[in-house]
Amino acid sequence: MLLKVDASSDVPLFAQIAASVRADAAAGRVRAGDRLPPAREVATAVGVNLHTVLRAYADLRDEGLLDLRRGRGAVLTDAAARLSDVRDEVAALVRTARDAGLSADALASLVKETWNDE
Amino acid sequence: MTNDRAAHAVRQFVWCAIVAPLVLTIVSVAVQLALLPRVPETIAVHWDAAGVANGFAPAWVQPLATVALALGIPLLIALTALPGLRRGDRGGSYRFMGALASAVSALAALLMTGTLLGQVGLTSAEDAPSVVPVLIAGFGAAIAVGVLAWFVQPAEKPLRTEVDGVRPLALAPGERVVWFGSSTIARPGLIAVTVACLVVSGAAVVMWLSGDAVAAAIATSVAVVVVALAVTTTAFRVRIDDSGLTVTSVAGLPRFHVPTGDVVSVAVRDVTPMGEFGGWGMRSAPGRFGVVMRTGPGLDIERRSGRRFVVTIDEDAVTAGALLAALTQPVGHR
């Protein structure tokens with residue numbers, strides 16, 4: 001599993017970590033049933049506060065992507081598979097958008113607007 | 001032409017590890033069966049250091065034990081070595097396994113048959129002659145057979161697998177990237193180890209229940225050692241970050257670390273533990289050390305000292321290697 005955080009980015013660190021896990025799940029690099037490393041290990045390796053990682057894991061749990069259990073750690077749920085499906089559709093969308101000459105930011109705004117309409 | 005030579009190593013191994021033991025077993029069992037009517041119903045099967053018989057069993061156990069030892073053990077050896085050989089892996093380890101299989105078979109066949117022969121015409125097993133002459137002959141034959149089997153097999157170097165020049169991951173300035181993965185033994189091995197742990201633990205429990213404190217203590221010590229080994233050497237967590245590569249057993253210890261500054265080059269390639277290291281696990285070989293849990297992709301790292309560190313990776317080794325290469329590039333090149 002690859003975790004990326006950019007200290008210079010405006011996005012909060014915990015959100016970046018959660019996004020990294022989501023991206024890995026969507027790409028199929030981690031699958032339903034896989035266990036994520038312990039929060040302490042992630043914190044040391046990435047160089048962030050333990051609570052930052054715990055916050056990221058908690059958010060993922062609230063989303064339904066992670067199952068946090070005493071003794072078993074953080075395990076990815078079946079939602080990971082659905083995320084992978086969403087990613088495939090996003091890939092197709094990106095190709096269509098590119099053909100139409102849309103930029104990434106333009107597409108993102110369009111997605112946000114449509115989200116509020118649906 | 002190369003295909004012919006490749007099959008040659010496999011064929012010769014099969015001769016040594018399967019065919020020869022089979023022949024030895026059949027011959028010795030046939031001889032033993034012919035001798036059975038002429039030995040006591042209960043025969044001597046164990047001798048003390050002075051050569052006096054002190055362990056006895058029904059005579060029909062002898063042929064069965066012969067099959068188990070003279071054929072069973074070589075077959076087990078073949079089971080661990082043949083898959084690699086047939087895949088094209090080569091090396092001294094395989095030759096040794098073939099020689100060992102033949103030698104063990106010869107030893108078992110000779111011991112079992114020789115000790116039975118010595119008890120022909122006896123009325124009581126306690127009169128069984130000393131086992132020492134048979135032992136000497138048996139080991140002598142085993143060594144001779146082993147040496148023969150070694151030279152019957154060709155000397156071939158392990159295949160140097162294609163080394164993928166790893167393209168370092170592109171890192172944006174200010175970006176901190178970490179890779180988490182694992183290195184564990186393959187499922188058949190995992191099952192075998194689990195079964196072994198259950199068996200020794202069960203045996204310890206049985207010993208405690210039987211009330212024999214000494215036996216129970218020994219059985220418990222064995223169980224503790226086996227389980228400790230299983231837990232510490234069969235599954236590892238792999239981490240690649242700013243500090244370098246860290247391989248830690250799931251039990252916490254042992255732990256192996258290659259600092260960033262110690263890495264000269266990183267290669268991603270297929271690792272064949274049997275041919276390169278003589279087996280699976282934490283292994284040392286000339287010029288290299290490996291945490292090699294299974295045959296498959298892994299990282300081959302050259303350290304400043306010239307020694308290599310090899311680790312098999314369960315997940316995407318290419319990504320792991322790319323990150324390590326990116327993190328260990330001289331700063332000016334990043």
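Helices (H or I, at least four residues) and strands (E, at least two) are taken as DSSP runs, numbered from the N terminus. The legends below describe close-up views of a predicted model.

View 1. The side chain of Thr184(B) forms a polar contact of 2.8 Å with the side chain of Asp314(B).

**View 2. The largest pocket, with lining residues from chain A and chain B.** The space in this pocket amounts to about 860 Å³. Its lining comprises 27 residues, of which Asp34(A), Arg35(A), Gly181(B), Ser182(B) and Glu315(B) are the closest to the centre. At least two lining residues each come from β2 (35-36) of chain A and from β4 and β5 (235-241) of chain B. Sorted by class, the lining of the largest pocket consists of ten nonpolar, seven polar and ten charged residues.

**View 3. The second largest pocket, of about 700 Å³.** Ile185(B), Pro188(B), Gly189(B), Trp280(B) and Met293(B) are the closest to the centre of this pocket among its 25 lining residues. Two or more residues of the lining are given by each of α2 (61-86), α5 (187-210) and β9 (281-285) of chain B. The largest share, six residues, is that of α2(B). The lining of the second largest pocket divides into 13 nonpolar, eight polar and four charged residues.

**View 4. Domains of chain B.** The domain assignment divides chain B into domain 1 (3-152), domain 2 (160-182 + 235-334) and domain 3 (186-233). Between the C-alpha centres of domain 1 and domain 3 of chain B the distance is 28 Å.

**View 5. The contact between chain A and chain B.** Chain A contributes 14 residues to the contact, and chain B contributes 14 residues. The two chains bury about 1300 Å² between them, with 55% of this area on carbon and sulfur atoms. On the side of chain A, the residues that lose the most area to chain B are Met1(A), Leu2(A) and Ala45(A), which together account for 36% of what that side buries.

Key
Residues numbered from 1 in each chain as written. Chains lettered and ligands numbered in written order. Predicted model: local features only at pLDDT ≥ 70, side-chain atom pairs only at ≥ 80, totals over all residues. Heavy atoms only, no water. Polar contact = N/O pair within 3.5 Å; in protein donor to acceptor, adjacent residues only side chain to side chain. 1 Å grid on protein atoms, 1.4 Å probe; cavity = no way out; pocket = protein on both sides within 12 Å on 5 of 7 lines; lining within 4 Å. Points joined across faces, edges and corners; volume = space filled by probe spheres on them. Nonpolar A, V, L, I, M, F, W, Y, C, P; charged D, E, K, R; others polar. Domains from an automatic or database assignment. Contact = heavy atoms within 4.5 Å. Buried area = accessible area lost by both parts, 1.4 Å probe.
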